Amino acid sequence: MEWNKKLILFLEQLGVKHYFGCNGGGVIHFTKHLSNKETSLHSEFFHYSEYNAGFAPIGHYLATQEIACSVSTTGAAQKLAANGASDARFMGVPSIYIMALSSKANYQRYPLQDTSDDGINIVKQFQAEFKDSVIWIKQDSDLNSLFSRIKKILSQNQPVILFYHPEILCEQVHDGFDEKHTLAHQPPITSKALKPMIETLSKPDPHRRVVVFVGSEAAIDGVCPKVFQRFVEKIHAQVIYSVNGDNTAILTEKRNLGHIMLGGNLAAVDAWQTLKKNDVLICLGIDVWEYVLNLKKVPECQSVCFTHHTNAYGQINGQYQHVFHQNHLQINGRIQSSLEQFLTSTTAITFPKNMQFLNKEDVLSHFQPQRNKVNLIDFYKRIDQLWQKQSIAFEDVCIAYRDRQAILKQPNHKVKFFTANHGSAMGCSFGLGVGAAIADPQQKVFIFTGDGCFQLFGGSLNQAAKLNMTLFILNNGQLSLIRDGCKTILQKSTEKTDHADLAKIEWDSLAKAFGWRYFRVQPDLSNLADIMQASYDSNPTSILVDIPIDPGQVVGINYRYANITKDSHL
């Protein structure tokens, strides 16, 4: 059996059945086994540009918690897919990126798309970022050792970057599998690991406040909202979250203070910024990203972090200690099983009630849009009433990832929202949506992107025309995050040019050309219910929705602007 086929069979044992990418010289002998009805393999290959294919495994996992694979031939393809691989690392999403190398025999013969040390030097580029998550299949690679390394990396919720020379994977291998391959996860924690936390929470303190921060890890790992609800009610805690973490807090509305930092809610941001030494902060994962921590440590308090990450972005030697202060405890293990162990261990304990943070309501500034423009506040409030069950939505690197949470403090139990904002890859939402739509056709996929982000994926619309996705275009004719940010960033500068204007697109003609259905949201939102109803119908044709908005409407706060003025450092 060829190495190629053996590798695919191994990945099938791990549940990998979907591959995304564009076929090319370096991967032809690998992809020939995919979507091939004449073989015993069940894996399928979906043709998308490498930029979109790089994000597809992330959306795939967020939709189903099933691992998927991106495939890239030699050269520029790998640099395109790398954008998605970076966000998989930032977010802690297990995924696989298979990448071909130039034939070893052609080193110093300068082949096309030369990946060797004399050319792109691609392996070392990836090793600089992904370190031990990079695997290079060589002539003498041991099959079972290779498979064990792949399983270990995926079990740490990290992307695997798998390089190979085509001639090696075309060789015949006779090694059988020593075992049936599955992913191993950390064993459940013991009550002993929880003892310091239980002792802290058991001590009465009339001035102590307890708040739980829900990070991306909890939502990505699919922590059960009912288990989370029991946990926060048990310890009388309030809840704050990141934009991804809010998916876990759908049953704790009365305790929810809202989102912190980017587009944050007043109550949550105030709670975060006023934490004191005797307060208790319990983190279900921690997003170390600038849009959450804002280049600072977690405020000084008594802190606990539940995480099963051991090799994640932002960790040093498997620890997050450096982003917290001294009085900190990290509890390693799957978050849900750790919470369940806590509830079991404290069945007989009644925890004292705590002082509460003031749950302030957000006051959104009144804004009168230009004629024939949609008011974003009204739009988000209305659409929040129109979701149906089994919906998943992705927000792009534009005002979509800034404004929704500012308007909607509470998550919606009918729809999960995700953003991959730390890599700032404009246009990433399309690849995320494609991955999710293919992973689970029963789950309705929505994408919120801007007319600027659209430029990064627009040419791929025809490939997704029958995925029954709904693509909302926040159409304001400019890179409005740039324009709004420059008002702060260039405030003291005599030069004010922001390069934020965009050329107009005829969205109806574009949608028709790519085989998509088209709608334009009316300024009074009178047709929004019909658009949403069409989104949930049985017609598989995807929908493009033009939302004409006023570029002057700014809803959410972006704390990063202050970090990139002339007197600061990126």
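Buried means under 20% relative accessible area, exposed means over 50%, and partly exposed lies in between, using a 1.4 Å probe and protein chains only. Alanine 529 is partly exposed, because its relative accessible area is 29%.

This is a predicted model: local features need pLDDT of at least 70, side-chain atom pairs count only at pLDDT 80 or more, and totals for chains, interfaces and linings use all residues. Residues are numbered from 1 along each chain as its sequence is written, and side-chain values use heavy atoms, with hydrogens and water left out.

Alanine 529 sits in helix H19, residues 528-535. Helices (H or I, at least four residues) and strands (E, at least two) are DSSP runs, numbered from the N terminus. Leaving aside residues up to four places away in sequence, alanine 529 touches Arg382 and Leu386; contact means heavy atoms within 4.5 Å. Leucine 386 is 143 residues away in sequence, yet the C-alpha to C-alpha separation is 6.8 Å.

Now the sheet. Six strands form an open sheet with parallel pairing, in the order E14-E13-E15-E16-E18-E17. Two strands pair if DSSP finds at least two bridges between them. Strands E14 (415-419) and E17 (517-520) are the edges, each pairing on one side only. From one strand to the next, the twist averages 20 degrees. Axes are lines fitted to C-alpha atoms, for helices over the stretch in contact, and angles run from 0 to 180 degrees between N-to-C directions.

Strands E15 (residues 444-450) and E16 (residues 470-475) pair in the parallel sense over 5 bridges. Threonine 449 stands opposite isoleucine 473 in E16. Helix H14 (residues 376-383) packs on the sheet and touches E15, E16 and strand E18 (543-548). The direction of H14 makes about 165 degrees with that of E16. Helix H16 (residues 428-439) lies across strand E13 (391-395) and E15, running at about 175 degrees to E15.
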